[in-house]
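This report walks through one protein model for a reader who is meeting it here. It begins with the overall architecture and then turns to selected helices and side chains.

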Amino acid sequence: AVAERVIGGLVYFNGQSRRPITIIMNTSGGQVTSGFAIYDAIRSSRAPVDIEVLGEDSSMGAIILQAGRDRRIYPNTFILVHEGKMGSNEASPREHEAWAEWSKTDREKMYALLGDNTRMDAKYWEKICAQKHEAIFDARRAVKIGLADRIVNSADWTKLIKRNKR
């Protein structure tokens, strides 16, 4: 449902003007397919899309952040990167096998996407996810390795609100 609202909003705003769009996020993540859909919609937007993160940006949220033209985070933001989770108690063994193979494809896409959009290559992301299972980066480290472009101060929040009232 969130993916539908985000994608619908992007379609709407692209139909209105080519002015930059700012997405404000605080997310624990979500479904892989929905996250990739949002990522693709942001990347396909004719209007530039900037993303600001306050607080948490975990799992698919970290992937969605990579789609932004300008990726801004606040000082107390953290970003969590991991391989994701899957499972179903009611799947047959063959269904588990099929989903496990698909999951491998999704992980490879995630590593490549992170490698293309950060200062670290895909091998780094594969290694860190395998070692830590959940790699958590504070705002300074996130900017240093390229998960985000910059840290903004809280006074910029007021500027964002004024800019969006126009």
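The secondary structure of this protein, which is a predicted model, comes to 7 helices and 6 strands. Read from the N terminus, these elements follow one another in the order α-β-α-β-α-β-β-α-α-β-α-β-α. The radius of gyration is 17 Å, close to the 15 Å that the globule rule gives for 166 residues, so the protein is as compact as a globular protein of that length. Along its principal axes, the C-alpha trace spans about 55 × 35 × 25 Å.

Of the 166 residues, 40% count as buried. Among contacts between residues at least 6 apart in sequence, 68% join residues that are at least 24 apart. The largest nonpolar core holds 39 residues, and those with the most contacts inside it are Ile42, Ile51, Ile73, Val81, Trp125, Phe137 and Leu147.

Within α1, the residues Ala3, Leu10 and Asn14 are buried. Seen down the axis of α1, these buried residues fall within an arc of 35°, so they line one face of the helix. An α-helix has 3.6 residues a turn, so residues three or four places apart point the same way. The buried residues of α1 pack against β1 (21–27), α2 (32–44) and β2 (49–58), whereas the face turned away from them carries the exposed residues Val2, Glu4, Arg5, Gly15 and Gln16.

In helix α5, which runs over residues 122–132, the buried residues are Tyr124, Trp125, Ile128 and Cys129. Viewed down the axis of α5, they fall within an arc of 120°, so they too line one face of their helix. On the other side of α5, Lys123, Lys127 and Gln131 are exposed, while the cover over the buried residues includes β4 (78–82), α4 (93–117), β5 (134–138) and α6 (139–145). Trp125, one of the buried residues of α5, is also among the residues with the most contacts inside the largest nonpolar core. After α5 comes His133, whose phi is positive, near 65°.

His82 belongs to strand β4 and, at 8% relative accessibility, counts as buried. Leaving out residues up to four places away in sequence, His82 touches Ser59, Met110, Cys129, His133 and Glu134. Cys129 is one of the buried residues of α5, and His133 is the residue that follows that helix.

Arg72 lies in strand β3, residues 71–73, and is likewise buried, with a relative accessible area of 4%. Arg72 is also in contact with Ile51, whose other contacts, apart from neighbours within four places in sequence, are Ile23, Met25, Ile42, Ile64, Leu65, Gly68, Asp70 and Arg71.

| Side chain | Partner side chain | Polar contact |
|---|---|---|
| His82 | Ser59 | 2.8 Å |
| His82 | Glu134 | 3.4 Å |
| Arg72 | Asp70 | 2.7 Å |

Asp70, the partner of Arg72 in this table, is also in contact with Ile51, and Glu134 and Ser59 are both among the residues that His82 touches.

Definitions and conventions. Residues are numbered from 1 along each chain as its sequence is written. This is a predicted model: local features need pLDDT of at least 70, side-chain atom pairs count only at pLDDT 80 or more; totals for chains, interfaces and linings use all residues. Side-chain values use heavy atoms; hydrogens and water are left out. A nonpolar core is a set of buried Ala, Val, Leu, Ile, Met, Phe, Trp, Tyr and Cys residues joined through side-chain atoms within 4.5 Å. Buried means under 20% relative accessible area, exposed over 50%, partly exposed in between (1.4 Å probe, protein chains only). Contact means heavy atoms within 4.5 Å. Helices (H or I, at least four residues) and strands (E, at least two) are DSSP runs, numbered from the N terminus. A polar contact is a pair of N or O atoms within 3.5 Å; within protein, one must be able to donate a hydrogen and the other to accept it, and residues adjacent in sequence count only if both atoms are side-chain atoms. The arc is that of the directions from the helix axis to the C-beta atoms. The radius of gyration is taken over C-alpha atoms; the globule rule is 2.2 Å times the number of residues to the power 0.38.
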